[in-house]
Amino acid sequence: MTEDVLSMRGVTRDYAVGGSFRKKRTLRALRGIDLAVARGRTLGLVGESGCGKSTLAKILLGVENPSAGTVLVGGKPIETYDRLERARLIQPVFQDPYSSLNPRMTVERIIGAPLKVRGEGNAASQRARVQEIAGEVGLPHHLVEAYPSQLSGGQRQRVAIARALIGKPEILICDEPTSALDVSVQSQILNLLHRLKRELNLTMILISHNLAVVNHLADEVAVMYLGQIVEHGASEAIFERAHHPYSNALLKAVLPPRAGSRLPELGLQADFPSPLNPPSGCAFHPRCPKNDGTLCVRVDPPAAGGSHVYRCHHPDHMSDADMRVLEPSR
Ligand SMILES: Nc1ncnc2c1ncn2[C@@H]1O[C@H](COP(=O)(O)OP(=O)(O)OP(=O)(O)O)[C@@H](O)[C@H]1O
């Protein structure tokens, strides 16, 4: 049986927004997220800006707490770990290696900081471990003496990855890890993550607007829309036969070469709705080409399917066998 390193059940996150106390409104950024990631797997998390990807990452990193629901890491509720242990278990790699590294510290100090904070080993063993991990991420030896300003974007991202990995985390959260880099360097960093994931049996959450990046790295894909996971399945299943019309709109959109972290125009009928005023029924219905005007408007589709989960009353690309399973429940 595969072990779930991460499991989320009914995770909801509300923010109180607006002016004075009496005028405050609730913005539901995450709406009942159910998700499990097995050891060694990479989960790609995709969706438009504002769908809740960063909020989910912040909950895992302990920057935010869920308003409801449970998060288990290694089978234990996340809040039972103390701050240091939690930081060791779950490490981030951010989009912009220019702002995520302290410009006044050498590469050696940056990479070794997590060991120092936890008091692991002595100065000599920490230095040796820094050299070892720097080698693993492909940083030339002499660069450990350098400062971030003396490095290229790709080298800085390697430093950020080395810092994240030095404490042997259980989960690596990569938030747009290549979108701030030159196109020529992006594939080097992707290949590095691919190799590390294989060699270290890393469990990764990869947040990206770029489906080519997700396709390159992820074993499975979760598609988010307005705080909900509307489809989750193996990468092949999503890329070849996505069931949710929103996933298919994402897949059809062609990403311009220098899109950075922006998602391209999806060619849908309406704009992304406000989470302060979410649509009734299926949250995607105002933009959906399959909106039937009745069921879709009234009923939020429950999660259906087995290993390939989707929330849609009129799923795309269903095989005859899928439809036979579906019919009795309709
Ligand atoms: N601290 C906060 N207070 C109020 N609303 C917030 C807060 N943080 C996030 N939100 C809202 O929650 C929703 C989800 O935001 P989130 O940043 O998670 O989306 P995202 O998918 O990561 O977007 P992006 O790709 O642009 O980073 C948005 O509507 C956002 O405005």
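Why does lysine 168 count as exposed? Lysine 168 has 12 C-beta neighbours inside 10 Å and therefore falls in the exposed class. The model is predicted: local features need pLDDT of at least 70, side-chain atom pairs count only at pLDDT 80 or more, and totals for chains, interfaces and linings use all residues. Residues are numbered from 1 along each chain as its sequence is written.

Lysine 168 is placed in the loop between H5 and strand S7 (171–175); helices (H or I, at least four residues) and strands (E, at least two) are DSSP runs, numbered from the N terminus. The phi of lysine 168 is positive, near 55 degrees, in a residue other than glycine. Most residues other than glycine have a negative phi. Glutamate 176, in the loop between S7 and helix H6 (183–200), also has a positive phi, near 50 degrees. Glutamate 176 counts as buried because 21 other C-beta atoms lie within 10 Å.

Helix H3 spans residues 107–118, and its buried residues are Val107, Ile110, Ile111, Gly112, Pro114 and Leu115. These buried residues pack against helix H4 (123–136) and helix H5 (153–165).

The largest nonpolar core contains 79 residues. A nonpolar core is a set of buried Ala, Val, Leu, Ile, Met, Phe, Trp, Tyr and Cys residues joined through C-beta atoms within 7 Å. Among the residues with the most contacts inside this core are Ile111, Ala162 and Tyr225. H5 gives the most to the core, with six residues. Apart from neighbours within four places in sequence, tyrosine 225 is in contact (C-beta atoms, placed from the backbone, within 7 Å) with Gly47, Cys51, Val230, Tyr246, Ala283 and Phe284.

Around the ligand there are 13 residues, of which Tyr15, Ala29, Ser49, Ser54 and Thr55 come nearest; a residue is near a molecule if its C-beta atom, placed from the backbone, lies within 6 Å of it. Strand S1 (4–17), strand S2 (25–38) and helix H1 (53–61) each give two or more residues to this shell. H1 gives the most, with three residues. By class, the shell has six nonpolar, six polar and one charged residues, where Ala, Val, Leu, Ile, Met, Phe, Trp, Tyr, Cys and Pro count as nonpolar, Asp, Glu, Lys and Arg as charged, and the others, Gly among them, as polar.

Conventions: A residue is buried if 20 or more other C-beta atoms lie within 10 Å of its own, exposed if 12 or fewer, and partly exposed in between; C-beta atoms are placed from the backbone. Two residues are in contact if their C-beta atoms, placed from the backbone, lie within 7 Å.
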